[in-house]
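Take a look at the structure below. The walk starts with aromatic rings, then turns to the core and a sheet.

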Amino acid sequence: MSKFNRDCVKGILRAEGTRFVNGEGEPVILTGYAISGWQNPEGFMVGQPKRPLEYVFPKNDLMNYQRFDRRRSITQVVRELCGSEYLSTFWDRWEEAYIGESDIRAMAEAGWNSVRVVLDANALLYEEPGIKFNEGAFSRLDRIFDWCETYKLYIILDMHASVGGINGCCGDALFNHYPNLLMDEESRERQIILWEELTRRYHQRWILAGYDLANEPVSTPPAYFAIPLLEQYYMECIERMRRIDGGKHIFFLEGPAFARSNEIFTHDYDPVYHNWAINVHIYGADCSMKELRPYLLKRMELNVPVWISECGSSPVANAIFFDICGHLGIGYCLWTWKMALDENIRGIGQILPKEWHKIQEYINGGPRPSYAKCQAIFDEYIENLRFEKCVYNKDYGRITRKEPDIDLPGAGYDLWEPDGKRYRGSWEWGNYLEFRTEDYTKLVWATDKKYPFPEFNFDCGPKPEIHYDPLTDLALELSTGEYAYYTVHRILEPCMVAVEASAKEAAVVEIACNGKSVGTLDIEKADLLTPHVSKAVALPSCECGVLRVTVIKGTVQIKTVKVFRKNR
């Protein structure tokens, strides 16, 4: 059984020391997507006009409340363009179309084992005096639970947009860029009541992994004064929710500063049941342990798991980084499953309406189309949200999961040997990009970019803006008797492996899969900038293939290891 796929989705998930285990005590590595725009659409992911980044993550209230940037401001735009009667059913129709059984089935068929369900407090609890829940929204959430039970994906309920707002930017239900949830007694109490209601309704559902209490809390500098209050909020939530669920489900707790800071994790937040985890966000990760080290140290200190609930980079970088995470027992959740097609699609791409530019022009201060025209455009928008109307980028997820067809960079070798020991070479001099220097591997310059040099204060003129990527700018050099490992998952049909490499003189490498030799490859004499691709040898089918590349003659610079389906 793989700890990465749906075979491990059995019984209630819980934290046990620094790992997650299922109902049978087997280890589980959570992998999946977030369904972000279902209740909490963020403007830059749903077709908002392009804005500078500082408008998405404002430094102060001078750029407060941008139009069409969150559910609250989208509501106002729809009211202006389509009228109040149209708005009265707009979000019901949006939520019905955004996530259906087809979406959950597609996630399951791809091999994911979990889903982060992004919630907006105001979609579930009406923004009116008193406590009145939106039963329509809860019924839609009920269906997601049913589908996830059917297709075996653990659910993490993520309060992405809290009552009053807590994070300071567009992914929230902010009144303004002030942490009202922590400062406003009524907002705080209403949010905790909502959490109690969610716990009451779903704590008996075995498919529920747990509760992500607040997304990226206190994340913009003007709100940092409220960081001490975040700990108090978490403690009160946990105490009141535990009275209902009796310790059954996991609390996933995010630190401040976009879920990157560990400063509030100084004690056990769930001392009775010890069923909680540190929840972090890591985008554009360095494909080494460097990104993880602060959280690994905190994990050891508190004896709790770590989960990366938001992340994403290029699919190849994902594949290498998440394999490191998996070895360490850390799961991940990609952001995001569905977004407008003109963005960087990591899962499902929604096609915007043909005349969507008219809505964008209005949002930016242009002319207002007629009610009839706007309603027709938004009707088309909602219809295009359905899975069947979207574009599915399967390759992003497949490569992220490190499945064939995939080109693994030479510098992206496994950090561990098959027996779990750290992989190490004998080279002591590092490399130009200071990448994986703790491994003592020889990573050589394999690009025509200028060499980087240490920064210094003397003004020597403008510095060239050069982007360096160790996965593409470096190659792994191995000499006779040296080797490296590269893991590929789900080799479920006939596959081949070849090596793109260079050598000063003709060389030979041996390929082994899970300890058994599958053949040798001749490496031609070639320059580092023009490596050759070798002939290929066949790989056996397996759930997980650990490939060992050993140089048996000469010295080789490995640019990529190519694993591809035989019949592609």
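**Rings, core and sheet**

Ring pairs link Phe68, Tyr86, Phe90, Trp91, Trp94, Tyr98, Trp356, Phe378 and Tyr381 into a cluster. Rings of Phe, Tyr and Trp (its six-membered ring) pair if their centres lie within 6.5 Å; planes under 30 degrees apart are stacked, over 60 edge-to-face, the rest tilted. This is a predicted model: local features need pLDDT of at least 70, side-chain atom pairs pLDDT 80 or more, while totals for chains, interfaces and linings use all residues. Residues are numbered from 1 along each chain as its sequence is written, and side-chain values use heavy atoms, without hydrogens and water.

Trp91 also meets a charge. The charged end of Arg71 sits over its ring, 4.2 Å from the centre. That term requires NZ of Lys or CZ of Arg within 6 Å of the ring centre and within 35 degrees of the ring normal.

By the ring rule there are 38 aromatic pairs. Tyr233 and Tyr234 have ring centres 6.2 Å apart and planes at 40 degrees, so this pair is tilted. Phe322 and Tyr332 are stacked, at 3.8 Å and 5 degrees. Both Phe322 and Tyr332 are buried, meaning under 20% relative accessible area (1.4 Å probe, protein chains only).

Now the core. The largest nonpolar core has 176 residues, and Leu157 and Leu198 have the most contacts inside it. Such a core is a set of buried Ala, Val, Leu, Ile, Met, Phe, Trp, Tyr and Cys residues joined through side-chain atoms within 4.5 Å.

Last, the sheet. Four strands form an open sheet in the order 18-24-20-21, paired antiparallel. Strands are DSSP runs of E, at least two residues, numbered from the N terminus; two pair if DSSP finds at least two bridges between them.

Definitions and conventions: Buried means under 20% relative accessible area, exposed over 50%, partly exposed in between (1.4 Å probe, protein chains only).
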